[in-house]
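Q: I have a structure open and want to go through it piece by piece. Can we start?

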Amino acid sequence: MITYIVSSIGFFIALMLQYGIFSRWTLLSGSADIVLLFIVALCLHSNVKRLWVQVLIFGAIVGAISAIPFYFIMAFYFAIFLAAQQIRKRIMQTPLLSMYLLTFIATLAWHALNIAYLFIKRIPFDLSTALFEIMLPGLLLNILVSIVIHAIVQEGNRMITPKGAEV
Amino acid sequence: MRNLFSPKNIRNLVIVTIVLGLIVMALSGYLTPVFSFIFSPTISTQSWLSERYVAFRDFFTSPRDMATLRAQNQALELEVAQLQTEIVTLQENLSQAEILYTLLDFARAHPEHEYIASTVIGREISPYLQYIIIDKGSNHGVRYGMPVVTQEGLVGRIDAVIANASRVKLITDASMKVNVRLKAANVEGQINGSITGEISLGLIPQDADVQIGEVLLTSGLGGTYPANLFVGQVLSMQSKQNALFQTGSVQAVVDFHSLSAVLVISNFNVIDITPLTP
């Protein structure tokens, strides 16, 4: 239970930091997404049984605040959860590599989802602008910030749950 | 008489005379060298003794004094830190107050509207969409579609409302279109946002003479925004021979990256023309 509470608190802190600070802190027009990074790190490190439920709830909360429809974000976070499960089975011996890999994939997928949303809404935009001014700077920032988020979530997880224990 | 000049009396008289003489000489300063000669070694000895005593006393009492001083120093440092925090808080309050005073000036200059002042508390998570979150919602009278401005000009409109917060779609959003009027050229056009937050100008007739720096105001067409709100200035214009309209780029008057407080126009009735749109 304590794991759910602590991860929820961590999520809300990440959410507030994202909306208050990181969304305004841009490189060209791209920004780091620490909520996404927190979800990625949580999916990679947490051992709780019903993590997928928590991830769906997190997706619903972000979707409720964001202008992107909530079901898009819920489905996206659930996909991150599934991808994290697959990565954990294969390369969990190197957690940082897993974090980098999943951050890379998830960031590209998040931008692809945004672009798909713009297509669906028939909002005109320039694809090269999206690629060079938003996607690549955002990817770079996410990769850089992922080290910090990974360290925080990993240490937090170690403190809460003993190694190998399944709550 | 015999008793008056007795040896005893004479001796006493001599002693009194000598004492009086010494006092007079001392008061006159004649005995200063004598006193110096006598007291110098005494004073030196006293000084030496006193210094040793003080040193000896300090040796045993200084640790306690150091601890007291350290405690006092720590308390003072804490007080300084608290005062510095207070100064920063006051400076922040002052900055916020200045912004609110400016907004108040704007509200006084435009008495035809009623305003709800609110603070910007967040920005959209998707980098492709240009939205902000403000701290006033339906409990404060904010409703869907209400225009949002600052003292500088148009910001956007309310896109979603909950009890104590609202989401504002900025005019820089890619899906945003605002009908504008070019003041000097007296022509109407439309501005469009983009995914990077830049604003472009369109639907300007080919024969219109638009100058760089021309001021753009809302035209009021469409019923979404009040007329005559400041939007921006023309940065550049492009005219192609085979195109129907001129296009251009616009510099918004509002700095959307540093928005901290906005005004929601609460008495403007938004006209929904969606059913009339083919």
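What follows is a chat about some helices, a chain contact and a few single residues.

Q: What kind of model is this?
A: It is a predicted model.

Q: OK, helices. How many residues does α3 of chain A have, and how far does it reach?
A: Helix α3 of chain A covers residues 51–65, which is 15 residues. From its first C-alpha to its last it reaches 22 Å, close to the 21 Å expected at 1.5 Å a residue.

Q: Which residues of α3(A) are buried?
A: Gln54(A), Val55(A), Phe58(A), Gly59(A), Val62(A), Gly63(A) and Ile65(A).

Q: And what do those buried residues pack against?
A: The buried residues of α3(A) pack against α1, α2 and α4 (70–91) of chain A.

Q: Take α3(A) and α4(A), then. At what angle do they pack?
A: The angle is about 150°, and the axes are 8 Å apart. An angle over 145 degrees counts as roughly antiparallel, so α3(A) and α4(A) are roughly antiparallel to each other.

Q: Is the crossing left-handed or right-handed?
A: α3(A) passes α4(A) in a right-handed crossing.

Q: Which residues make the contact?
A: On the α3(A) side they include Trp52(A), Val55(A), Phe58(A), Gly59(A) and Gly63(A). On the α4(A) side, Phe70(A), Ile73(A), Tyr77(A) and Phe81(A) are among them. By class, the residues of this contact divide into 15 nonpolar, 2 polar and no charged.

Q: What is Phe70(A) in contact with?
A: Leaving aside neighbours within four places in sequence, Phe70(A) is in contact with Ala60(A), Gly63(A) and Ala64(A). The C-alpha atoms of Phe70(A) and Gly59(A) are separated by 7.0 Å, with the two residues 11 apart along the chain.

Q: Another pair: where do α2 and α5 of chain A stand?
A: The axes of helix α2 (residues 34–45) and helix α5 (residues 95–120) of chain A come within 10 Å and cross at roughly 135°. That angle makes α2(A) oblique to α5(A). The crossing of α2(A) and α5(A) is right-handed.

Q: Which residues are involved there?
A: α2(A) brings Leu36(A), Leu37(A), Val40(A), Ala41(A) and Leu44(A) to the contact. From α5(A) come Pro95(A), Ser98(A), Met99(A), Leu102(A), Thr103(A), Ala106(A) and Trp110(A). The residues of this contact divide into 10 nonpolar, 2 polar and no charged.

Q: Switching topic. How many residues of chain A are in contact with chain B?
A: 25 residues of chain A are in contact with 20 residues of chain B. On the chain A side, α1 (2–22), β2 (30–31), α5 and α6 (127–160) each supply at least two residues. The largest share, 5 residues, comes from α6(A).

Q: What classes are on that side of chain A?
A: The side of chain A that touches chain B has 11 nonpolar, 10 polar and 4 charged residues.

Q: Now chain B. What about the span of its helix α1?
A: Helix α1 of chain B runs over residues 7–28, and at 1.5 Å a residue its 22 residues should span 32 Å. The end C-alpha atoms are 31 Å apart, which agrees. α1(B) is hardly covered: its count of buried residues is 0.

Q: What comes just after α1(B)?
A: Gly29(B), which takes a positive phi of about 90°.

Q: Which residues other than glycine have a positive phi?
A: Leu28(A) is one of them, with phi near 55°, and for Arg122(A) phi is also near 55°. Leu28(A) lies in the loop between β1 (26–27) and β2 of chain A, whereas Arg122(A) is found in the loop between α5 and α6 of chain A.

Q: Are those two buried or exposed?
A: Leu28(A) is partly exposed, with 15 other C-beta atoms within 10 Å. Arg122(A) counts as exposed, with 7 C-beta neighbours inside 10 Å.

Q: Last one: what about Leu170(B)?
A: Leu170(B) has its place in strand β5 (residues 166–170) of chain B and counts as buried, with 25 C-beta neighbours inside 10 Å. Residues that Leu170(B) touches include Tyr131(B), Val155(B) and Phe256(B).

Technical notes: Residues numbered from 1 in each chain as written. Chains lettered and ligands numbered in written order. Predicted model: local features only at pLDDT ≥ 70, side-chain atom pairs only at ≥ 80, totals over all residues. Axes fitted to C-alpha atoms, helices over the stretch in contact; angles between N-to-C directions. Helix = DSSP H or I, 4+ residues; strand = E, 2+ residues; numbered from the N terminus. Parallel < 35°, antiparallel > 145°, perpendicular 65-115°, else oblique. Left-handed = near helix turned anticlockwise from the far one by under 90°. Contact = placed C-beta atoms within 7 Å. Nonpolar A, V, L, I, M, F, W, Y, C, P; charged D, E, K, R; others polar. Expected span 1.5 Å × (residues − 1). Buried ≥ 20, exposed ≤ 12 C-beta atoms within 10 Å, placed from the backbone.
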